[in-house]
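Trainee: I would like to learn how to read aromatic pairs in a model. Please start with the terms.
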Amino acid sequence: MVARTVAGLGLTLALVTGGVFAAGVAHAQPVTEGTVAFSGDAGDYISGGDSYAYSAGQDVIQVTGSAARSLVDVSVSGTNGDWWSLTLAAPAGRQLTAGTYEGATRYPFNGGNAPGLSHSGNGRGCNELTGSFTISKITWGPNGYVEALDAAYEQHCEGGQPALRGEVHITNPAPPTELSLGVGVSVEGKAGALNGRATVHGKVSCNKPTEVDVSGLVTQVKRKVLIRGPYSSRVSCVPGAPVAWSAEADPTGTTPFQAGDVEVKATATGYDADYQVTVTASDIAAVHLTKVKK
């Protein structure tokens, strides 16, 4: 048996807390404190009958949680060159919570009400497997962030009797704050007499630093003619006082924007680097354009 210890504009900011996220997003996060250990019976194909142990800080352990909180994947890169992956998945449509999951089959081919399980690595994996696992503790944060995980599992390759048995214990810091954005449109704008463009402006707010793209559409009806034009702007947002943005909208047709009322739609988009997700906020406002000579 081989033991390896590797261990003020007259506007309202439309605020979106937590933002709009792409469904199912998951990302790998480093494990700050944790261990992965497993061993196999003689004849177990994955372990070769050996024992293995790894610890965060000495080895690289990462955990990936799904945004739906339905699965976790733990990966190990040992200082000796070993690499392993463990997936624990709840049955379809369920969240992974504390409890025992019997009748597990190979993830991602587990179907129906079967939980999913897969331990592979070092170039070895099961074509088919059966097994079970017990989650003693799991603490979720936003967007699949895994704050804590204690689990034990057992799997059998190709319907055989030899088993691989392992445990994983993970403790991470409390989850970072999610990015939230606010965006607002000023109720006053400008119509250029020479270039026909509409100048609109407003403010954005955020609860942590990010680059914010503000884009949208200006719409006006004059003498039964529909005038539209897109615009975009980028600003650096930091927590505190709202940050001003300004942009020009070019009319898409031959009719210029004119003095009078327009509808302005605005969408602010920022990137939450902690969770690797895009967050948006939106606003719509009636804006009065004043004619200017430019």
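Mentor: Burial comes first. Buried means under 20% relative accessible area, exposed over 50%, and partly exposed in between, with a 1.4 Å probe and protein chains only. This is a predicted model: local features need pLDDT of at least 70, side-chain atom pairs count only at pLDDT 80 or more, and totals for chains, interfaces and linings use all residues. Residues are numbered from 1 along each chain as its sequence is written, and side-chain values use heavy atoms, without hydrogens and water.

Trainee: What describes a pair of aromatic rings?

Mentor: The distance of the centres and the angle of the planes. Rings of Phe, Tyr and Trp (its six-membered ring) pair if their centres lie within 6.5 Å; planes under 30 degrees apart count as stacked, over 60 as edge-to-face and the rest as tilted.

Trainee: How many aromatic pairs does the structure hold?

Mentor: Seven. Take tyrosine 52 and tryptophan 84: the centres are 5.2 Å apart and the planes at 65°, so this pair is edge-to-face.

Trainee: Which strands hold tyrosine 52 and tryptophan 84?

Mentor: Strands are DSSP runs (E, at least two residues), numbered from the N terminus. Tyrosine 52 lies in β5 (residues 51–55) and tryptophan 84 in β8 (residues 83–89), so the pair ties together parts 32 residues apart in sequence.

Trainee: Is tyrosine 52 buried or exposed?

Mentor: Buried, at 5% relative accessible area. Tryptophan 84 is buried too, at 3%.

Trainee: How are tyrosine 101 and phenylalanine 133 arranged, stacked or edge-to-face?

Mentor: Stacked: 4.8 Å centre to centre, 15° between the planes. Tyrosine 101 sits in β9 (residues 99–106) and phenylalanine 133 in β11 (residues 129–140). Phenylalanine 133 is buried at 1%.

Trainee: Which residues do ring pairs link into a cluster?

Mentor: Phe38, Tyr52, Tyr54 and Trp84.

Methods. Helices (H or I, at least four residues) and strands (E, at least two) are DSSP runs, numbered from the N terminus.
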